[in-house]
Amino acid sequence: MAATTIAKLAKMKAAGEKIASLTAYDASFAKLFAQQGVDFMLVGDSLGNVVLGESSTLPVTVDDIAYHTRAVRNGAPDAFVMADMPFMSYATPEQACQEAAKLMRAGANMVKLEGGDWLLETIRQLVERSVPVCAHLGLLPQSVNVLGGYKVQGKEASAADNTLRQALALQEAGAQLLVLECVPSSLAKRISAALDIPTIGIGAGPDCDGQILVMHDMLGLNSDYLPKFVKDFLAEAGDLAGAVELYVKQVKDGSFPGPEHSFKG
Ligand SMILES: Nc1nc(=O)c2c([nH]1)NC[C@@H]1CN(c3ccc(C(=O)N[C@@H](CCC(=O)O)C(=O)O)cc3)CN21
Ligand SMILES: CC(C)C(=O)C(=O)O
Ligand SMILES: [Mg+2]
C-alpha cells in the first residue's frame, strides 16, 4: 500500500473514504497495524494509562513520547506517525516548537495538541516552521483536573457552537487534521461538514471522516474504565491480526462506530 501522507488523508475525506487509525506505542504492534492497512498511527499520551499504569495522561513527558515514537517508526518505516505533545509541553509557542522538534526527530510526521482558541498562535508558529499539526477538541484528557472527569463535551447548544467556531479557527491557523473526542454525533457531523480538513473521531459518532481508538481498548485490554465508544474487536475476531483487520473494515464500511458507541446531542 502507498505510504500515507497528509495530502492522501485530505483526498480520502474528499472521496468519502473513511480513515482508520489506532494508537501505537511499540515496533511490533506498529508493524502489525501497517500490515493490516491502518491509515495512520498515533503515539498517544494515553501511554500514561496503558503503558505506564498512571491514572491520567498528565505524568507523561516529551521524552516518553519520543522514546515510543522511535519504536513505532522503527516498526513501521513507511507509516504516517502522529505524536501527542504531552501536558505542559506547549504552554508557549516557543516551548511548543522546541518540544515538537524532539518528536519530529524521533520519527513523527505530525504532532497533536489539545485545545482551541489559546493555541492559534502556537499552531501558526509550528506550521511556519514545518511541523504539521493535528488539533484536538471536545474532551481534552490533559484538562481532566479542570473538567472534573472524563465527560462528554459540547452538549449544550452554546458549547456546540463554540466548538464549531474553534474548529474553523484551528483550520484557519493551519491545523491539517482535527481529533474530536467524546462529543455528540450531531456536533461531530456539523464540524466534519464545515471543515475542509479531515476529522478523526473517538466517541464522536459515525459521521467523522475517520476514527481512532486506543489499541489496548480495541483488544479488550482496558482495565479501569470502559468508555461507551470502545469495542473489543479481539473478542469478535479471535486473533490479533484479525482484530485489526476487522477494525479497519468496520471503520471503512461505516459499521463502526454504531449508535451504541456514540453520544446523542
Ligand atoms: N485506555 C484509554 N483509552 C482512552 O480512550 C483514553 C485513555 N486511556 N486515556 C486518556 C483518555 C481518557 N479517556 C476517556 C476516559 C473515560 C471516558 C468515559 O468513561 N466516558 C464516559 C462518558 C460519560 C458521560 O459524560 O456521559 C463514557 O460512558 O464513555 C472517556 C474518555 C480517553 N482516553
Ligand atoms: C485517544 C487519542 C485521541 C489520544 O489522544 C491518545 O491516545 O492519547
Ligand atoms: Mg492524547
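User: Why is Met 88 called exposed?

Analyst: This is a predicted model, where local features need pLDDT of at least 70, side-chain atom pairs count only at pLDDT 80 or more, and totals for chains, interfaces and linings use all residues. Residues are numbered from 1 along each chain as its sequence is written, while chains are lettered from A and ligands numbered from 1 in the order in which they are written. As for Met 88, 12 other C-beta atoms lie within 10 Å. With C-beta atoms placed from the backbone, the cut-offs are 20 or more others within 10 Å for buried, 12 or fewer for exposed, and partly exposed in between. So Met 88 counts as exposed.

User: What makes Asp 84 buried or exposed?

Analyst: Asp 84 has 32 other C-beta atoms within 10 Å, so it is buried. Asp 84 sits in strand β3, residues 81-84; strands here are DSSP runs of E, at least two residues, and helices are runs of H or I, at least four, numbered from the N terminus.

User: And what does Asp 84 touch?

Analyst: Skipping residues up to four places away in sequence, Asp 84 touches Leu 42, Val 43, Gly 44, Asp 45, Ile 65 and Lys 112. Contact means C-beta atoms, placed from the backbone, within 7 Å.

User: Where does UniProt place the feature "binding site"?

Analyst: The unreviewed UniProt entry puts it at Asp 45, Asp 84 and Glu 114. They are spread over 70 residues of sequence, yet cluster in space, with a largest C-alpha distance of 11.0 Å. Bear in mind that such annotations may be inferred rather than shown by experiment.

User: How do you know on which side of α6 its buried residues lie?

Analyst: In α6 (residues 120-128), the buried ones are Thr 122, Ile 123 and Leu 126. They cover an arc of only 95 degrees around the axis, so they lie on the same side of α6. That arc is taken over the directions from the helix axis to the C-beta atoms. Their cover includes α5 (93-105), β4 (110-114), β5 (133-138) and α8 (157-173).

User: What is the phi of Ser 130, and is Ser 130 buried or exposed?

Analyst: Ser 130 has a positive phi of about 75 degrees, although it is not a glycine. Most residues other than glycine have a negative phi. Ser 130 lies in the loop between α6 and β5, and with 8 other C-beta atoms within 10 Å it is exposed.

Key
Two residues are in contact if their C-beta atoms, placed from the backbone, lie within 7 Å.
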